[in-house]
Amino acid sequence: MSTLIVVGAQWGDEGKGKIVHLLGKKADTIVRYQGGNNAGHTVVFDGKKFVLHQIPSGILQPGRRCLIANGVVMDPWALRDEARFLESRKIRVKGRLFISAWAHLILPYHRYLDALRESGQGKIGTTKRGIGPAYSDKVGRVGVRLADYMDPPTFRTLVEQNLSAKAPLLKSLVSLAVLRNETFKDYDSLRRFFEPLMADTPALLQKDLAAGKNVLFEGAQGTMLDVDFGTYPFVTSSNPIAGAACVGSGVGPAAIDEVLGVVKAYTTRVGDGPFPTELKDSFGDALRERGQEFGATTGRPRRCGWFDAVVVRHAVRINGLTRLSLTKLDVLEGVDPIRVCVAYRIDGKVVKDFPASRRAQAEAVPIYKELPGFAGPVKGITRYQDLPDAAKKYCRFLETEVGVPMALISMGRSREETILLDKSFRWIP
Ligand code: IMP
């Protein structure tokens, strides 16, 4: 039996979808434990591109079981559409996908509340999928869980309570009647759809672990968007970090063997908030074009910058990363010199640990180390020894700076475009 958590070690969009798809070959069960359809996991499979928002990327791995666990907030309409889309592409979902009865739902009023907040002063650049308001309701103890959705009298009572509290706040955007209609839209057919999918996911996982199966926990977003340890308040409303895999799926911490952090060879971020190594110049624009850095969920251009070792060291500590997977190394081909941020200057002092204060995060000035660039082409290389020396030096420098070994290097979206470095890593296919 082996368990692995895969997390993003930056601001999300590190390329977790491909890595989960690759390592998922060894998994029996793949679990999403937080976030909702704000995520966009891109996987190229059989030459076709799939962007998954709620269903674990592991669904593309034939025969694997996928769980949407209790820590996720789930949009019923979006989930049904995603399942239908996969089935239309001959990816079997029925009998393989199970959704926790304990998972909270995103309902139309959550999306309106998100839009309302984003139209005002507290705007943080969310995906407007209703994620924050759904999690607010969960911790505010007025949320609706899948088990409650499936029980019509309970669902109706909860919705009426929520609508009477929220409709007045939303009256500039939508009437109570429209809101009620939207909330009950397709209710009967959705219940029929969810009936075979709803499950006691902690019980399924307990059985898997007892039977010695391999379980992969797939994080969404990234460490710097974590509501506790990210760039608060410019964060998502869940904990994408490894510790949340236990709370978010109902397994104990002793069940976890390994934590793999996915890092991009440079840094990107979507939405507002501090980003010390951001390149607000033509080189930043060039990185965006070369790396095709546009949001998989909203299509927004991603902000681009140099690799920030302060950020990744923070991720190593908070997640207890045991290995790294580096992605998009090929995008840096021909860039000379390559810069890596090794510390910040804040209030005249050199700081090596990511600060908690929002002012310090906003004012941090990166201190860079310059490394020689490498010429290509590196794309297509599948053996580490074939990489140019400067590319190898870059990888080794990153490992030393953050203190965790690299298990994989990815240079393209398909599974073949990967260097498998560490044969002792049991998840390598
Ligand atoms: P929310 O999660 O939609 O509330 O958005 C909060 C912040 O997280 C915004 O800056 C979003 O751009 C960012 N965010 C949410 N999901 C993702 C993701 O999957 N990748 C990258 N950024 C994300």
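So, Asp347: with a relative accessibility of 54%, this residue counts as exposed, since the cut-off for exposed is over 50%. Keep in mind that we're looking at a predicted model here. Asp347 has a salt-bridge partner, Arg359, and the closest N and O atoms of the two are 3.1 Å apart. That pair links distant parts of the chain: Arg359 is in helix 13, residues 358-363, while Asp347 is in the loop between strand 16 and strand 17, twelve residues away. Arg359 comes out as partly exposed, at 45%.

Now, salt bridges that share partners also make a network, and this one joins Asp13, Lys264, Glu293, Arg302 and Lys328. The total count is 28 salt bridges.

Okay, another pair. Arg323 bridges to Glu258, again with the closest N and O atoms 3.1 Å apart. Here strand 15, which holds Arg323, gets linked to strand 11, which holds Glu258, and the two residues are 65 apart in the chain. Buried or exposed, this Arg323? Buried, at 12% relative accessibility, and Glu258 is buried too, at 13%.

Then there's Arg80 with Asp81, where the closest N and O atoms are 3.5 Å apart. Arg80 is buried at 9%, whereas Asp81 is partly exposed at 42%.

Last stop, helix 11, residues 282-290. Gly284, Leu287 and Arg288 are buried there. Looking down the axis, the buried residues of helix 11 fall within an arc of 100°, so they line one face of the helix. Part of what covers them is strand 13, residues 303-305. And after helix 11 you get Gln292, with a positive phi near 50°.

Methods:
Residues are numbered from 1 along each chain as its sequence is written. This is a predicted model: local features need pLDDT of at least 70, side-chain atom pairs count only at pLDDT 80 or more; totals for chains, interfaces and linings use all residues. Side-chain values use heavy atoms; hydrogens and water are left out. Buried means under 20% relative accessible area, exposed over 50%, partly exposed in between (1.4 Å probe, protein chains only). Helices (H or I, at least four residues) and strands (E, at least two) are DSSP runs, numbered from the N terminus. The arc is that of the directions from the helix axis to the C-beta atoms. Contact means heavy atoms within 4.5 Å. A salt bridge is a side-chain nitrogen of Lys or Arg within 4 Å of a carboxyl oxygen of Asp or Glu.
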